[in-house]
Amino acid sequence: MDTSPAGLSPIERATLRFRRIYILPTRQGIGFAVALSVMLLGSINYDNALGYVLSFLLIAAALISMLHAVRNLAGIDLRWGECEPVFAGDTARFPLKVDNRGQRPRFGLLARLAGRRGRSGEANPPRRFHLDAGGLERIELAAVAPERGWFSPGAIVVATRFPFGFFRAWSRVDAGLRCLVYPRPAGEQAMPLHQPEACGEHGSRGKGDDEFSGLRDYHPGDSARRVHWKAVARGQGVPVKVFSGAASGSTWLRWQDVVAGDTEARLSQMSRWVNEAQAQRRTCVTAWCCRASRSPRTRARRTVTAASKRWLCSTARPPAMRAHPETRDWTLGRERSLWLSICLALVVIPHAGRIPFWELACFAFLAGWRVANATRGVPLPPKWLVIALSAVMLAAIYAAHGTFFGRDTGVVLLVVLTGMKLMESRSLRDAYVLSALGYFLVITNFLYSQSILTGIYMLAVVLLMTATLIGFNVGSGELDTRARLRMAAAMLMQAAPIMLVLFFLFPRLPGPLWSLPRDAHGAMSGLSERMSPGLISRLSLSDAVAFRVTFRGEAPPPSQLYWRGPVMWHTDGREWTSGNPTRSWRAQYVELHGEPVDYTITLEPHQQSRLFALEVPTTIPRGAQMTQDFQLRTPKPVRTRQRYEVRSFPEARLTRVSIDEQSAALALPAGVHPRARALADSWREAHGVDAGALVSRALAYFREQPFVYTLTPPLLENDTVDEFLFETRSGFCEHYASGFAVLMRAAGIPARIVTGYQGGELNPLGDYLIVRQRDAHAWVEVWLGERGWVRVDPTGAVSPNRIELGMDAAIPPTLGPAGLELPSRGRLWQTWRRLRLGIDAVKTGWNEWVLGYGPRRQRQLLGMFGVDSADVRGLVTGMLAGIGGLLALLALGLARRRPAPVDPALRIYRRFCRKLARAGVARRASEGPLAFAARVTAHRPQLRSAVERITGMYVALRYADSDARVSEFRRAVRAFRPR
């Protein structure tokens, strides 16, 4: 009789195919998606280009992890066998063979049975394993049988969360597994033994009844012939004789012999009796179970033998655990703790110079505690201590910063809380929270610097963190450190094309989504609205780039490269200020002369509301305004890199001055500069009101007197102009501009000081001009009647090289890399200069295509392909199409079967066979190496020694556990020259 459960058709083998593999995001994946969304929103709000890059790279890597998870299962073969019968409440174990026929290993695999939970509340426990390339794994799947009879544990589920744990891929195989479940032995009633004749049955009596083996107590149903009546007569109870030959007979157990309990309890009692009979070596035990049915006259007869026991008692079910059965036994062990600690420490290190020392020490203390726990077993703090430490640190941060908001305070808060989380983490959820915090900390570094070096360093940290994520989803020993890093690097490289599609097509939103904190942007160096002695000279010590210029056509000569900035109208005798310049669009007060110059400026952020342009600008960049003194102003400070186009006429004339402007350009504070006033009066007495002659006389004074152009002038303590003009006579451009303007005003000529930059360094690698902070300069504009405002640069009278050849010609730089002193104009300096120009060319491309990629650049780029960047629906459609196409190509590449690797010894042996074939002895397809060698030596006896030696080496390498080396085998084949 077929006792298999209805509807089950046993299968013995199955292969996991792509079409039967399913995938869904895990809770960790959903949480990480939320974290990535927050990171992307922050990048949009701060317009942080590297934040975009990191967010898109992680999104692309998460999408690619789906393909890797599916590929990790596809092509695996499953074979299973029968399960041994078990008792009630025991675990049924089903043997399973998992075969990897592919040429790539499979990591982080998990197999379990998909049946319902048993009454114990425990789900069918999973079995974790991994497969080497071409490997075979023998495992057992366990499940608690829920009730007596045939137990079907359900389908076989093979799953994986590899590589990142963001997605769970699985496949179900309906294997038709079943197991026969015996009733659990229970009860305390003694076992009655009935002979067949006692039940009205005829059974065969075994031989050897005369082989007496002992006495036992009487049980109801024992034959009267076996009672030891003499012992009964002596009052020694009712013993029964036991003969060894009786073991070959039959013992009958009757249902009505069980005197108490419900049906399940009586069946358990019967099961215990059967076990006792087996223990007494009663090899054939038959039970006669008479049980009342619905009709009292109807009796049911069932046979229970050692091979067929079909009842199982039930057990109580405790509350089910909340954790998923596949991740319930996950632990944050020593290796994972160290990986997390190292990654978080590396991402915090760049903040060392930005946050207070004591706050950085807090993180180091917390991370060190975790490392000590992982390496030396130092116990982690209890929950109450963690809460107390968190409260103390939060209070200290608030006391130090006065708020929990802002860029700097937010970074400090994130660093300290990450350390607290690292110290108290234990579960898988905690590990993923720490990973998300680590990626957040990477983005916080981009709030301070987006340089290439910062990007490279953070990419290395992201690589380590990605390898850490992979380590969360593999068992110990499956992947070593190098393998994890290689896999993480490969996945990030595969994600790079998708990241580029997202980066260039994702719609860029102008302006922040919400208001930025006051400290959202760091302080930048540059020209200010004030000028005092020593200010520009200190600025000229910096090699930082102020802006870069790309000309359309030939660049103007250096003498015309005056980049106009703030215009100083007012002085208190020591300091010059610009006041509040009036906006004006009246460009009609300009007489255009000469050829226009068209150029594009890429301006670095400087935290001031101004733009720079060549004199005199006639076009206004979008969003900017022009003042009456031809300054370019912006409504908001320049906090991000800006790129704008300008047209200028370097030879144009400014032909207007109002009465108010003329008065401001002649004003001098009372009681200051007496010696300068006296000198100007003497010139006026000599030349009268001839403004041109007065200007020439002042320039001649600077040329004739021993003035020195230097970056380190003497300190001016009292009247700065008189001390400079008549005593020290050493100064920088602000000294000369200030002294000349005072002399002109004292002589009755309106004068104002213009600050900005002069010159620049041409980079031949990119054909653009680099204007650095060291090129900061100040000059004077004087009103000469019909000629209008005329630029006069008194610095050129003292140091003509400064104007004609640039700052490097006037004051040769001597600082090389890391502040090293290098001989000016020497070979080392020239090498360093070329290297610096090359680095700047790379930075320019980085700034233009990465950091400067905003709405305007996106509009220009997409316009080249006829795409309107304002069409958000079209951009999203193109972005999704590009991502889908790249994922499809990658899926095809991953699904492609790798060719089986050729053994080096086999490859060398094939070369040996080709040499013999060219010599006239070709190897047949059916010939083994020894048979082929025998045929070769038979036809070519002169080759016997070489052929036998090479063949012996090949056989030893391929088929024997030999110490022969492939290199020796290669040399022997290379030296083989058959003729």
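**Figure 1. Pairing of strands S5 and S9 in the predicted model.** In S9, Thr 160 is the bridge partner of Leu 109. The model shown here and in the following views is predicted. Strands S5 and S9 run antiparallel and are joined by 5 bridges. Both belong to an open sheet of 5 strands, whose order is S2-S10-S9-S5-S6 and whose pairing is antiparallel. Strand S2 (22–25) and strand S6 (127–131) form the edges of this sheet, each pairing on one side only. From one strand to the next, the twist averages 30°.

Figure 2. Strand S9 (residues 156–160) and strand S10 (residues 167–173) run antiparallel, with 5 bridges between them. Ile 156 stands opposite Val 173 in S10, and Ala 159 is placed opposite Trp 170 of S10. The hairpin of S9 and S10 has 6 residues between the strands, and Gly 165 takes a positive phi near 80° there. S9 is mostly covered, with 5 of its 5 residues buried. In a regular strand, side chains alternate between the two faces of the sheet. In S9, Ile 156, Val 158 and Thr 160 point one way, whereas Val 157 and Ala 159 point the other way, and all are buried. Helix H2 (residues 49–73) packs on the sheet and touches S2, strand S5 (106–113), S9 and S10. The direction of H2 makes about 25° with that of S10.

**Figure 3. The largest nonpolar core and the surroundings of Phe 56.** The largest nonpolar core holds 90 residues, of which Leu 54, Phe 56, Phe 166, Tyr 439, Val 442 and Leu 479 touch the most other members. This core lies between domain 1 (1–16 + 75–182) and domain 3 (333–475), because both domains give residues to it. Leaving aside residues up to four places away in sequence, Phe 56 touches Leu 40, Met 499, Leu 502, Phe 503 and Phe 506. A second, separate core has 43 residues, including Trp 683, Leu 694, Ala 741 and Leu 743.

**Figure 4. The open sheet of strands S16, S20 and S19.** This open sheet of 3 strands has the order S16-S20-S19 and antiparallel pairing. Its edge strands are strand S16 (530–531) and strand S19 (570–571), each of which pairs on one side only. Strand S20 (residues 576–577) runs antiparallel to S19, and 2 bridges join the two strands. Across this pairing, Thr 571 stands opposite Trp 576 in S20.

**Figure 5. Helix H26 and the helices that its buried residues contact.** Helix H26 (residues 944–959) has 16 residues. From its first C-alpha to its last, H26 reaches 22 Å, close to the 22 Å expected at 1.5 Å a residue. Val 947, Ile 950, Thr 951, Met 953, Tyr 954 and Ala 956 are buried in H26. The buried residues of this helix pack against helix H24 (904–918), helix H25 (929–939) and helix H27 (966–975).

Technical notes. Residues numbered from 1 in each chain as written. Predicted model: local features only at pLDDT ≥ 70, side-chain atom pairs only at ≥ 80, totals over all residues. Heavy atoms only, no water. Core = buried A, V, L, I, M, F, W, Y, C linked by side-chain atoms within 4.5 Å. Buried < 20%, exposed > 50% of the residue type's maximum accessible area, 1.4 Å probe, protein only. Domains from an automatic or database assignment. Contact = heavy atoms within 4.5 Å. Pairing = 2+ DSSP bridges. Helix = DSSP H or I, 4+ residues; strand = E, 2+ residues; numbered from the N terminus. Expected span 1.5 Å × (residues − 1). Axes fitted to C-alpha atoms, helices over the stretch in contact; angles between N-to-C directions.
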